[in-house]
Amino acid sequence: MTISERVYRAILSAYPTGYRREYGELMVQLLRDQLRECGPGRGRIVQLWGRILADVLRTIPAIHLESLTSSGGGMTRKRTRVAVVCSILFAGFGFPLVTSALWAVPGASSFMHAHGRTWPASFIYAIAWWTVVEWLTVVLAVALFLAIMQKLGIRRLSLGAMVAVPIVAAGLTGLRFLSVLQLPLLVERGAMILPLLMGVASAVWAANVGGAKVERCGAGPDRFANSRMKLPKGTRQ
Amino acid sequence: MEPLTPAVFHILLALADGEKHGYGIMLEVRETTNGKLVLGPGTLYGTIQRLLRAGLIVESAEREGPGIKSERRRYYRITPQGRAAAKAEAERLEALVQAACAKSLLKRPRTVGENA
């Protein structure tokens, strides 16, 4: 096995598992063909690697996104897309809530004042684009959460959580406006249960309806095998 | 019908005259486009995956390639739906070329036999 092949095999681990299982060996075979075509010339191999890296950078996110959003059924695909959009919205709605909650932790403000001028605390807390860091953190956390869930095969749970979390976050944000209306305390407190109930209900709905369909349509690791079921009769080998 | 992406159209075009394996498709696309489009492994197999899902191509039996005896290759074949999609795209492009000719952006394309 050549060094190029070894490096490429390592890069392939960044692709989704199902895709890698189905096409990984074929991709390595294609690289081998191209290397054979290049011959011993170092310049041509460098040129080939330039193309390969550009291809890898372009296709890894695209194929990951596709494996998240496509699952075979039209409605299911739509629901999964809604869930992805909701999780991105959560990044927008949710982080101010998380921040305010962090500031409410006892001793947080004194910690900020004490470490505000030192690095990396100043980098995290004192810079004006702090919110951007927060936003990126939440987006990365959501992406990591999804990746872990997909790895573990817990698609139902991740789908449910993805739908529930933004609804709860949006509901809690909405509750802030209730205090402006100066409603009776009982009504205000009672209203706090609503976003939680909505979150639980939407999680159950997404996990049972969306998740079940995702699994039935073959969105798990073996979805590529199942996808062939949709081919026209008589064309399958 | 929505226009096909260049990668999709070129792969369908490469398979229009017979089944090919991944490397064969890549070579044909490179030749057709005079080296302007070289499909990388990720683009090629990502597109093949989409085409398989859409039923525009199917996998043929895996077998050894003609030149390289030791390696088994997976061959792909265009389906009637794939052929129809490629034809529709070719007609769309033809209409565009005709529009460009009408506006003197291009010379009128020569038909087969006109050279003789």
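The model is predicted; local features need pLDDT of at least 70 and side-chain atom pairs count only at pLDDT 80 or more, while totals for chains, interfaces and linings use all residues. Residues are numbered from 1 along each chain as its sequence is written, and chains are lettered from A and ligands numbered from 1 in the order in which they are written.

In the interface, 22 residues of chain A are in contact with 23 residues of chain B (contact: C-beta atoms, placed from the backbone, within 7 Å). On the chain B side, the elements that give two or more residues are helix 2 (22-32), helix 3 (41-54) and strand 2 (57-59). Helices (H or I, at least four residues) and strands (E, at least two) are DSSP runs, numbered from the N terminus. Helix 3 of chain B supplies the largest share of this side, 9 residues. By class, the side of chain B that touches chain A has 9 nonpolar, 10 polar and 4 charged residues; Ala, Val, Leu, Ile, Met, Phe, Trp, Tyr, Cys and Pro count as nonpolar, Asp, Glu, Lys and Arg as charged, and the others, Gly among them, as polar.

Strand 2 of chain B runs antiparallel to strand 5 of chain B, joined by 3 bridges, with B:Val58 opposite B:Arg77. Strand 1 (residues 20-21) of chain B is also antiparallel to strand 5 (residues 75-78), through 2 bridges; here B:His21 has B:Tyr75 as its bridge partner. Strands pair if DSSP finds at least two bridges between them.

B:Phe9 lies in helix 1 (residues 6-15) of chain B. Not counting residues up to four places away in sequence, B:Phe9 touches B:Leu4, B:Ala86 and B:Glu89. B:Phe9 is partly exposed because 19 other C-beta atoms lie within 10 Å (buried: 20 or more; exposed: 12 or fewer; partly exposed: in between; C-beta atoms placed from the backbone).

Definitions and conventions. Two residues are in contact if their C-beta atoms, placed from the backbone, lie within 7 Å.
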